[in-house]
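The tour below goes from one selection to the next, with the aromatic rings as its topic.

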Amino acid sequence: MPSLVFPPSPAAFDFRSDTITTPTPDMVEAMATASFGDDVFREDATTQALEARISAMLSHKAGLFVPSGTMSNQLAMRVHLLQPPHSVLCDFRAHLAQYEAGGVASLSGAMLQRVVPQNGRYLTVEDIQKAAFIDDGGVHSAPTRVISLENTLGGVITPLEEVRRIREFARKHGIKLHLDGARLWNVAVAGAGTLEEYGSLCDSVSVCFSKGLGAPIGSCLVGSEEFTKRARWVRQSIGGGMRQTGLIAAAALTALDQVYPKLSATHDIAKDLAQHFAGLGVKTTLPVDTSMVFLDIQGAGLQMSWLKEAATKRGVRFGSAGRIVVHHQIDPRAVQALKDTFSEVVDLKAKGFYKGGDGGDVGGYGGMARL
Ligand SMILES: *Cc1c(COP(=O)(O)O)cnc(C)c1O
């Protein structure tokens, strides 16, 4: 059998996102020995093992393996929402609102209520109380039927206690609570609460294997038996029923076993980076609770073009809005290269090397910190 050669991951010097990790040799080996049942017929053992494991971890009855986090969120909305008029409340920066191609409007016919968190970090029950449309029997509003939280959002943790308060509010008004937990793994390893604790407070939870855990493909949506049954049905209607999913479910299981236990190291690196940048006078626009660092490039009087040039020279990449995401395949030399990039640019600026004014890109999430 020809042997697979694994060069160092091309993601080793790439801080743009935790989605760009590549499958590890162990993941590929697990794929080669996975079961090959047909998941639309519900005959794949590996996929069912993954669904059972994830739903148990999140304290729910059933799980559904789906190709992406976007599909997972969209199925959750489609199942929770019955018929218009209705609306979904979420943070204005939420993936659901910003990066899902308007799916909530086209697939569920719902209005989105995009709320700005007053604390500049995460939604609180007070923010939600102020914004929610409670069904009062009148005809003017589209009542809030779902609150969709995202944890982490921008790497920032919504504390368990806040989710408890939101849960109470939602229950009182008959509103469903969905959690977009693409990076809920990071919340758990940061010690803010267990997956079970967060999961049990919500009617549905979506988690991704292709972010911090480093699997190539896949997300899981969990909820009650009834909820998951309907989600499976809707999944089929939008072409999300897949056949030999054991291949990708096996990689996700390996990611859970092997990468998840190492995830907290990415938080340590992110904090170390933020400290280095602070020492150079480059501040963060959001607290570094987990693996993400959002830099206020403009506030530091720097321009992305200067940084990009210095970074390219060292073969290191990061996000264009000053976003840095640490993932499990980051090489220690890349961490040093990124620090050196910023040190050099700050030094050159101080020496008057750069011509032209300051300004340039606004920090991540449209300068959230300036709220
Ligand atoms: C990445 C992400 C998603 C969607 O993931 P895809 O698999 O890329 O569709 C959903 N929610 C959040 C918070 C994400 O970061």
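Begin by selecting Phe-65, Trp-185, Phe-209 and Tyr-260, which form one aromatic cluster. This is a predicted model, in which local features need pLDDT of at least 70, side-chain atom pairs count only at pLDDT 80 or more, and totals for chains, interfaces and linings use all residues. Residues are numbered from 1 along each chain as its sequence is written, and side-chain values use heavy atoms, with hydrogens and water left out.

The structure contains seven aromatic pairs (rings of Phe, Tyr and Trp, the last by its six-membered ring, with centres within 6.5 Å; planes under 30 degrees apart are stacked, over 60 edge-to-face, the rest tilted). Keep Phe-65 and Phe-209 selected: their ring centres are 6.2 Å apart and their planes are at 40°, so this pair is tilted. Phe-65 is in strand S1 (residues 62–66), while Phe-209 is in the loop between strand S6 (204–208) and strand S7 (219–223), 144 residues apart. Helices (H or I, at least four residues) and strands (E, at least two) are DSSP runs, numbered from the N terminus.

Next, select Phe-318 and Phe-342, a tilted pair with centres 5.5 Å apart and planes at 50°. Phe-318 is buried, with a relative accessible area of 2%; Phe-342 is buried as well, at 0%.

Finally, select Arg-243, which lies over the face of Phe-41, 5.5 Å from the ring centre (NZ of Lys or CZ of Arg within 6 Å of the ring centre and within 35 degrees of the ring normal).

Conventions
Buried means under 20% relative accessible area, exposed over 50%, partly exposed in between (1.4 Å probe, protein chains only).
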